[in-house]
Amino acid sequence: MSTLARIVPNSAHPADDAAELSRLEARLPPLLSVIAGMVDLTGFFTLGHIFTAHITGNLVVAAAAAVQGGPFNLAQALAIPVFMLALAVVWLIAQASHRRGPSLARLLLLVQFLLLAAVLIFSVITKPSTSQHALMAGIAVMIAVSAMACQYALLRLAIPGAISTAVMTGNLTNTVLSLMDLSSSRHPLLPVDADRLRRSLHLLFGFLAGCVIAAAAVSWLGDWAWSLPVALAAVAIGIR
């Protein structure tokens, strides 16, 4: 039995689910990387310079503020434990749903969409961008962080063969080293995997595109810029 088929043992049509899982593995991560870039950039600009996708980056920002004597932002300190808590909740949802593979992916994509929609609605109503260190901004940060935790967890739990949309430093490292190997006439230092290189490039360009689009959207739309990742999250649910 194939690895993909074993992932969905309870399905009445394991071959169909395995094929769908393979398609999701190829099609979903590039779109999710664009969403992650949009959420990270939009959150950074509108919610007090906090990373809502690259969570550990908040440690650097908080440390820099502490050394320079800047204002302490409680949301930066809370982002990592909230991210961990959200991961645990997503795991509980996955366990309680008794779903695997594509079915679980669709459920968690819906959860991500609902969380991002909540950020949009909350931001439009409370306008946290006007007071980025206030309570309303902190609440919006935690909802956005939870949405990203759901995205990363769904890839690990439902599509384990997919490349992470979060670890862009790792993706960049793999891309550069693979390109060096391919351009060298000597024996390659890494296993030759052109498909993985292509997928890593797609994720890098997707995240960068998400950041650029979000930067423009924030300048034009303000808090309504959250509507873009919400729209793409809706599209992600329908991917087959």
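Student: What share of the contacts with a separation of 6 or more comes from residues 24 or more positions apart?
Tutor: In the protein chain, 75% of those contacts are between residues 24 or more positions apart. Keep in mind that this is a predicted model.

Student: How many helices and strands are there in the chain?
Tutor: The protein chain has nine helices and zero strands. Read from the N terminus, the elements go α-α-α-α-α-α-α-α-α.

Student: What percentage of the residues is buried?
Tutor: Of the 240 residues in the protein chain, 45% are buried.

Student: And the surface, what does that come to?
Tutor: The accessible surface of the protein chain is about 12,000 Å². Carbon and sulfur atoms account for 70% of that area.

Student: Let's pick a helix. Where is H6?
Tutor: Helix H6 covers residues 135-158. Of its 24 residues, 19 are buried, so the helix is mostly covered.

Student: What span should H6 have, and what does the model show?
Tutor: At 1.5 Å a residue, the 24 residues of H6 should span 34 Å. The end C-alpha atoms of H6 are 34 Å apart, so the two values agree.

Student: Which residues does isoleucine 143 touch, apart from its sequence neighbours?
Tutor: Isoleucine 143 lies in helix H6. Beyond the neighbours within four places in sequence, isoleucine 143 is in contact with Leu115, Ala118 and Val119.

Student: How far is isoleucine 143 from phenylalanine 122?
Tutor: In sequence, isoleucine 143 and phenylalanine 122 are 21 residues apart. In space, their C-alpha atoms are 9.5 Å apart.

Student: Switching to glutamine 76. Buried or exposed?
Tutor: Glutamine 76 has 8% relative accessibility, and it counts as buried because the cut-off is under 20%. This residue lies in helix H4, residues 74-97.

Student: What does the side chain of glutamine 76 have 3.4 Å from a polar atom?
Tutor: The backbone oxygen of histidine 49 is at that distance, 3.4 Å, from a polar atom of the glutamine 76 side chain.

Student: What about cysteine 150, buried or exposed?
Tutor: Cysteine 150 is buried, at 0% relative accessibility.

Student: Why does cysteine 211 count as buried?
Tutor: Cysteine 211 has a relative accessible area of 18%, so it falls under the 20% cut-off.

Key: Residues numbered from 1 in each chain as written. Predicted model: local features only at pLDDT ≥ 70, side-chain atom pairs only at ≥ 80, totals over all residues. Heavy atoms only, no water. Buried < 20%, exposed > 50% of the residue type's maximum accessible area, 1.4 Å probe, protein only. Helix = DSSP H or I, 4+ residues; strand = E, 2+ residues; numbered from the N terminus. Expected span 1.5 Å × (residues − 1). Contact = heavy atoms within 4.5 Å. Polar contact = N/O pair within 3.5 Å; in protein donor to acceptor, adjacent residues only side chain to side chain. Areas by Shrake-Rupley, 256 points an atom, 1.4 Å probe, with all protein chains shown as cover.
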